[in-house]
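This report describes one protein structure for a reader who has not seen it before. Please look over the sequence and the model first.

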Amino acid sequence: MNCTKLVIAGCLLGLSLASSAMEQVQAAEWGNLTGQFKFTGERQAPAKLDINRDQEICGKFDELIVDQGLVTGKDGGLANVFIYLRESRLQEAQIHSSYDKLPASVTIENKGCIFQPHVAGLWVKRQKLQAVNKDLCAHGFQVKAYRNMSLNQLLPPGEKLDHQFEHGEKLPLRMSCSIHPWQEGWLVALDHPYFATSDDSGRFQIQNLPVGEWEFQLWHEKAGYLAARDDWKRGRFKLKIKPGTTDLGVIPVSPALLTGK
């Protein structure tokens, strides 16, 4: 092998090593955030709500039509706590490519005369809101917005509504039905995809956050901003995200934070 070929081979090897090193650096620039919310009060069955409209249809779902404001799992896990990054001006390079695979729409179903899911989030730059009526009666789908156009759309059985938000919202938006007063849900529309809702076990995970110190917000419909720890004023806390997984562990939530008692 002559000197020229050796130089070329060396350059190619150097480029390969540099590329591999760059990939490792990039892979180390992302981290996950996990945790679990646990209600410290006595677990109680949710109260049934008054079905005072379309009883012949909605009355068939009386087991579903309950107060979903405080949902806990069998081990005390607190569901429907929304946690999200407060930063709204993230650069494109600060959003991991895995979020390119998010579905184009976030669907809220009127099903069983309630909203399913009860709490949802969407990334306004990439996702539309889709409301679908799966029931045999009409629903009046309402969303009260602050920075965007509010919605008030009649949805006959089988109909759907597609809506594109233009701006991220600073507060969760209340969803309601103009026909059935017990129907309520919550939608969080953000300028980025870094959010999560706790499941029935109280667990949540936000994947592939950019490393560094960020401020996060907690929200629950019974508390508003959820100050689950003494130093989390207005439900906000700063945290340094490191490569790998940053785990907040078990986060106790007392009844006083949600019910005032």
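Which residue in strand 11 is the bridge partner of Ser176? The partner is Glu184 in strand 11.

The structure is a predicted model, in which local features need pLDDT of at least 70 and side-chain atom pairs count only at pLDDT 80 or more, while totals for chains, interfaces and linings use all residues. Residues are numbered from 1 along each chain as its sequence is written, and side-chain values use heavy atoms, with hydrogens and water left out.

**Overall make-up**

The protein chain holds three helices and 17 strands. Helices (H or I, at least four residues) and strands (E, at least two) are DSSP runs, numbered from the N terminus. Of the 261 residues in the protein chain, 44% are buried. Buried stands for under 20% relative accessible area, exposed for over 50%, and partly exposed for values in between (1.4 Å probe, protein chains only). Among contacts in the protein chain between residues at least 6 apart in sequence, 69% join residues at least 24 apart; a contact means heavy atoms within 4.5 Å.

**Strand 10 and its partners**

Strand 10 covers residues 173-177, and four of its five residues are buried. Strand 10 is joined to strand 11 (residues 184-190) by four bridges, and the two run antiparallel. Two strands pair if DSSP finds at least two bridges between them. Strand 10 and strand 11 form a hairpin, with six residues between them. Strand 10 also pairs with strand 7 (residues 139-143) in the antiparallel sense, over three bridges. Here Phe141 stands opposite Cys177 in strand 10.

Four strands make up an open sheet in the order 4-3-6-9, with mixed pairing. Strand 4 and strand 9 (160-163) are the edge strands, each pairing on one side only. From one strand to the next, the twist averages 20°; axes are lines fitted to C-alpha atoms, for helices over the stretch in contact, and angles run from 0 to 180 degrees between N-to-C directions. Strand 3 and strand 4 pair in the antiparallel sense over three bridges. Gln116 in strand 4 is the bridge partner of Glu109.

**Backbone exceptions**

Most residues other than glycine have a negative phi, and most peptide bonds are trans. The peptide bond from Gln116 to Pro117 is cis, with omega near 0°. Pro117 is found in the loop between strand 4 (114-116) and strand 5 (119-123). Two residues other than glycine have a positive phi, as listed below.

| Residue | Phi | Relative accessible area |
|---|---|---|
| Asn80 | about 65° | 13%, buried |
| Cys113 | near 60° | 0%, buried |

Asn80 lies in the loop between helix 2 (55-58) and strand 2. Cys113 is found in the loop between strand 3 (105-111) and strand 4.

**Nonpolar cores**

A nonpolar core is a set of buried Ala, Val, Leu, Ile, Met, Phe, Trp, Tyr and Cys residues joined through side-chain atoms within 4.5 Å. The largest one has 30 residues, and those with the most contacts inside it are Leu33, Tyr194 and Phe216. At least two residues of this core come from each of several strands, among them strand 1 (30-39), strand 13 (203-210) and strand 14 (212-220). Strand 1 supplies the largest share, four residues. Leaving aside neighbours within four places in sequence, the contacts of Phe216 include Leu33, Tyr84, Leu209 and Ile241. A second, separate core has 19 residues, including Val124, Ala145, Leu151 and Leu161.

**Aromatic pairs**

Eight aromatic pairs are found in a search of the whole structure. Rings of Phe, Tyr and Trp (its six-membered ring) pair if their centres lie within 6.5 Å; planes under 30 degrees apart count as stacked, over 60 as edge-to-face and the rest as tilted. Phe82 and Phe195 form a stacked pair, at 5.7 Å centre to centre with 20° between the planes. Phe82 lies in strand 2 (residues 82-85) and Phe195 in strand 12 (residues 195-197), so the pair ties together parts that are 113 residues apart in sequence. Both Phe82 and Phe195 are buried. Together with Tyr84, Phe82 and Phe195 form one aromatic cluster.
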